[in-house]
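Here are a few notes to read alongside the model. Have the sequence open as you go through them.

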Number of protein chains: 2
Amino acid sequence: MTGEHEVDVRLSDAQRLDWLRLIRSENVGPRTFRTLLNHYGSARAALAALPDLARRGGATRGPRICSREDAEHELAAARELGVTLVALGETDYPERLREIDDAPPLLAVRGNRAALARPMLAIVGARNASAAGQKFAERLARDLGAAGFVIVSGLARGIDASAHRASIASGTVAVLAGGHARVYPPEHLDLLDAILADGAAVSEMPVNWEPRSRDFPRRNRIISGLALGVIVIEAALRSGSLITARMAAEQGREVFAAPGSPLDPRAEGSNGLLKQGATLVTAASDVVTMVEPILGRLVSMTEAAEPAAAPAAPEPDDAERSRIMALLGPSAVAIDDLIRLSGASPAIVRTTLLELDVAGRLDRRHGLVALV
Amino acid sequence: MTGEHEVDVRLSDAQRLDWLRLIRSENVGPRTFRTLLNHYGSARAALAALPDLARRGGATRGPRICSREDAEHELAAARELGVTLVALGETDYPERLREIDDAPPLLAVRGNRAALARPMLAIVGARNASAAGQKFAERLARDLGAAGFVIVSGLARGIDASAHRASIASGTVAVLAGGHARVYPPEHLDLLDAILADGAAVSEMPVNWEPRSRDFPRRNRIISGLALGVIVIEAALRSGSLITARMAAEQGREVFAAPGSPLDPRAEGSNGLLKQGATLVTAASDVVTMVEPILGRLVSMTEAAEPAAAPAAPEPDDAERSRIMALLGPSAVAIDDLIRLSGASPAIVRTTLLELDVAGRLDRRHGLVALV
């Protein structure tokens, strides 16, 4: 996937530390990180601007900024586990993952990083999968592995474990909801070791992060984001696998589902995906046929990790800021409407929203914003 | 489905006897029957013309014409079993079945003819169905019956029997491959009796016809032809249910399939249908949603069973006949090409082909013709 003649883009150690401090700071998620980086040109400049930004956004106290010591401590803990932090835009960063809006600025990678450069397909499904479902997951993972694809999954019991196990030899990637030192479920530590021989495990969390239930849906966007497509095998209604499928669709990834008996509750979610237009899969060839044309279209889109020069960062004056604030409330409003109704420039509106973001006062969803 | 103010179209006893003789005569199938009726205006006139037609078509002997005695004998045998022969175009003839190209000119009906006037859905599937498949067929038949649909199937073991059993109370129709006195499989005689209380059994064969294996695919076109759509539950590759589904598609009927495990050979055919675009069914509502708009579009299209006056029936002269014959051979040719290349009128070409038909020398398939 990676062109032969690419420049090897790489952050300096100091830059990587700044990136880690910025993404670990309060109210800075992957989207805000990207906005801050574009706005200030570097993580260092963004870190310096955070207190003032938050104050202008109406925060009563500055956001908790990750200290240099904490970041160094995390880097050391990562090194000890053999975990590398790969930055968005670096050559080693997985090519498809960087396309998504909320790609992790730093991806903590353990194992064989080369696996992340190959085309990937995700296989996910029920933890309480049937024997037939697990057998099918194994067959599909083995056949897709033989066809040259790396299999991505979530290291869960059931379908995930079957998919990983059957693709250990050909290459598989486990995406963790917690940190690398807090593998869940713990009984899959041996499986993880086997995966790491030729494959990799990735996480966006600090190595010692204990996964909470809300970290799993958030993690699922990385599973789908890494892959060309997501294959769902045995998913009940309202299951995590359906969240992964929805994220895949939002990210423009192909969604596949294995059919199941209408009487089996474990197939309700996957059959539902088929009704919504997911591609039916009974064999690896069904998947390969769909993704081969996509592979052909992929072009290398490497950019420098940090913009070479800081772009102009216009600051709103008080009148502009209050016109924009007057339009915001607990109900969601489109950013386009904010620009139109406030009469302010898009750059000014973006900066004001960034201030609110960093102050922890903004809820962004699907291009809509609301005060929290 | 039948309008309240329709004229009750009905053949005379003499006409019905002529129809029966014509369709039971050698080389006269449902399509040729229709052509002959259109060409000669009545079955009686067609019967009179058969020997001459066959001779002109190059037959070395006249076609075996069903005698008046044989036809009377069949009618008596039918009466004895409580079987009525309903003619294409008569008010009682099932509305959707008359739309297909090769609708049986006479449908032998036993049981409650009123069931044939209601909207129908076919449920077909594997004889060696799984317990889950049979349970799903029962659920679907019961729910579609409650929604007002009559369930059509083929009285076979497995899915067919489950679908019939679950819709005995709401109305179900069994389509037989043999005659009414030769029910197959014999162990379903009790089931058939239960079906006949409120539903019906239909056949296009003489009452004493022992079904041969090639009669089953032929029968399947009647199953799909009667119905708004065909639902396939558990069909292996190269199974009869797939033939029914193909015929349904050719007849413009909706095709539905229940999903099944990719590891279950009994689901290979039905999953294959889903890949080809069949609608996935896990509940009756999936079917009802698709067919309700069709129900709304259906308009009564009753025509007189026999045309009021015989249309002009141009006879080819020898030069025309030999020009057309020169274009025919063992390779299939389009009728449109025959007309264009021979320079003869469409009516002349049609008559020449009819002669060959009745002489048993023509193979017609999908608008193509070839000499046999």
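1. Start with A:E204 and A:R221, whose side chains meet in a salt bridge at 2.7 Å, N to O. (A salt bridge here is a side-chain nitrogen of Lys or Arg within 4 Å of a carboxyl oxygen of Asp or Glu.) A:E204 is buried at 8% relative accessible area, and A:R221 is buried too, at 5%. (Buried means under 20% relative accessible area, exposed over 50%, partly exposed in between, with a 1.4 Å probe and protein chains only.)

2. Keep in mind that this is a predicted model: local features need pLDDT of at least 70, side-chain atom pairs count only at pLDDT 80 or more, and totals for chains, interfaces and linings use all residues. Side-chain values use heavy atoms, leaving out hydrogens and water, residues are numbered from 1 along each chain as its sequence is written, and chains are lettered from A in the order in which they are written.

3. Now look at A:D102, which forms a salt bridge with A:R31, the closest N and O atoms being 3.9 Å apart. A:D102 counts as buried at 16%, while A:R31 is partly exposed at 43%.

4. A:D264 and A:R266 also pair up in a salt bridge, at 3.3 Å, N to O. Here A:D264 is buried at 18% and A:R266 is partly exposed at 26%.
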